Amino acid sequence: MSGRVKSFEDWIAYVFDHPVTNPAWHFKDIGKDDWEPSEELAVEYLTRFFKNPESALLSFSNAQVNQGLKYLISPSCSSHMFALLEMSSVSWEKRKEAIASMHLIFERYFVLHCDNTLSHLNQKGAPLNNVCYMWWDDFPYHGHPKEPQYAKLDDAVLSEIEKILLIPHVACQESALHGLGHWKLNYPKRVTKTIESFLARNPDLRPELKEYALRARSSRVQ
C-alpha cells in the first residue's frame, strides 16, 4: 500500500465517488493511480467506515456504493482486506476491532438498501444485493484451523459471519450462509452447529433459503 491518501474523507471519495461504469472504475484504472493508504491507515479507515456507513455513504448512489465496496473487499481490486489479515504489520487489537465492526455495514446499511431477493437464484434485486451476497466469497480468507497462530483471526471472522446470520433480512442471511458454506471445510463442527441453530430458530424460513442453508451446511455453495 502506498500511503498516499491523506484523510478519511479523501479515502471515501476515492473509493466511492466515481461514475457507474462497466467495467467498474477500479478495473479500468488498474495501474493508473495508486491511492491505497498504508496498512495502519487502511485498518483505521475501515474501522471508522464499518462503524458508521450510513453517514460516510450519504452522498453516493447504491450503484456507486456497490462498486466501491467491491473495490474494498475483493483482492482482485485492492489490498485493503490484507491489512486485516495475518501478514499485516498492524497490531492484532486494531485489526480485531475492524473485523468486529464488519457486521455493522450489513446491520446498518444493507438492511436498508438491499431487496429481500436471493442472489444465488439470480433473482433481480437492488444494486447492493450483489456485493452483499458475494462479501464472504470475495473476502480473501477462509481460515487456517490446523495452525494455532491463526486461531484468533479465524474466530473473529467466523463470529462476524455468525452475527450477520442473526440479522432478520434475507439478503444478509443469504450472504452469511454463503460465507459459512466456504468455511465448512475448515470448521465443519462449528459451521454445522451454526446453521442448524439458524434453521431451528427459523421454522418458517422461505423454502429457497432453507434449501440454500442445507447446501451451505454441506459446503455446496459457489
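**Helix packing and local backbone features of the predicted model**

The axes of helix α11 (residues 188-201) and helix α12 (residues 207-217) come within 9 Å of each other and cross at roughly 165 degrees. Here axes are lines fitted to C-alpha atoms, for helices over the stretch in contact, and angles run from 0 to 180 degrees between N-to-C directions. Helices (H or I, at least four residues) are DSSP runs numbered from the N terminus. The crossing angle makes α11 roughly antiparallel to α12; angles over 145 degrees count as roughly antiparallel, those under 35 as roughly parallel, 65 to 115 as roughly perpendicular and the rest as oblique. The crossing of α11 and α12 is left-handed, a term applied if the near helix is turned anticlockwise from the far one by less than a right angle, with right-handed used if clockwise. On the α11 side, the contact (heavy atoms within 4.5 Å) is made by Thr-192, Ile-195, Glu-196, Phe-198 and Leu-199, and on the α12 side by Lys-210, Ala-213, Leu-214, Ala-216 and Arg-217. By class, the residues of this contact comprise six nonpolar, one polar and three charged. In this scheme Ala, Val, Leu, Ile, Met, Phe, Trp, Tyr, Cys and Pro count as nonpolar, Asp, Glu, Lys and Arg as charged, and the others, Gly among them, as polar.

The model is predicted: local features need pLDDT of at least 70 and side-chain atom pairs count only at pLDDT 80 or more, whereas totals for chains, interfaces and linings use all residues. Residues are numbered from 1 along each chain as its sequence is written, and side-chain values use heavy atoms, with hydrogens and water left out.

Two further helix pairs involve α5 (residues 62-73). The axes of α1 and α5 are 8 Å apart, and these helices pack at an angle of about 105 degrees. That makes α1 roughly perpendicular to α5. Trp-11, Tyr-14, Val-15 and Phe-16 of α1 meet Gln-64, Val-65, Gly-68, Leu-69, Tyr-71 and Leu-72 of α5. The contact of α1 with α5 contains eight nonpolar, two polar and no charged residues. Helices α5 and α7 pack at about 140 degrees, with their axes 12 Å apart, and are therefore oblique to each other. Their crossing is left-handed. In this pair, Asn-62, Val-65 and Leu-69 of α5 meet Ile-105, Tyr-109, Phe-110 and His-113 of α7, giving a contact with five nonpolar, two polar and no charged residues.

His-103 is also found in α7 (residues 103-113). With a relative accessibility of 12%, His-103 counts as buried; buried denotes under 20% relative accessible area, exposed over 50%, and partly exposed the range in between (1.4 Å probe, protein chains only). Apart from residues up to four places away in sequence, His-103 touches Glu-160, Lys-163, Ile-164 and Ile-167.

Helix α8 (residues 129-138) is mostly covered, eight of its ten residues being buried. These are Asn-129, Val-131, Cys-132, Tyr-133, Met-134, Trp-135, Trp-136 and Asp-138. The buried residues of α8 pack against α3 (39-51), α5, α7, α9 (151-165), α10 and α12.

Helix α10 (residues 170-183) has 14 residues, which at 1.5 Å a residue should span 20 Å; its end C-alpha atoms are 20 Å apart, in agreement with this value. The expected span is 1.5 Å times one less than the number of residues. Of the 14 residues of α10, 13 are buried, so this helix is largely enclosed by the rest of the structure. Ala-176 lies in α10 and counts as buried at 0% relative accessibility. Leaving aside neighbours within four places in sequence, Ala-176 is in contact with Ile-161, Ile-164 and Leu-165. The C-alpha atoms of Ala-176 and Ala-213 are separated by 9.6 Å, although these residues are 37 residues apart along the chain.

Most residues other than glycine have a negative phi, and most peptide bonds are trans. A cis peptide bond joins Asn-22 and Pro-23, with omega about 5 degrees; Pro-23 lies in the loop between α1 (8-16) and α2 (25-28). Asn-122, which is not a glycine, has a positive phi of about 60 degrees. Asn-122 is placed in the loop between α7 and α8 and counts as exposed at 72% relative accessibility. Ser-219, in the segment after α12, likewise has a positive phi, near 60 degrees. With a relative accessible area of 21%, Ser-219 is partly exposed.

Key. Helices (H or I, at least four residues) and strands (E, at least two) are DSSP runs, numbered from the N terminus.
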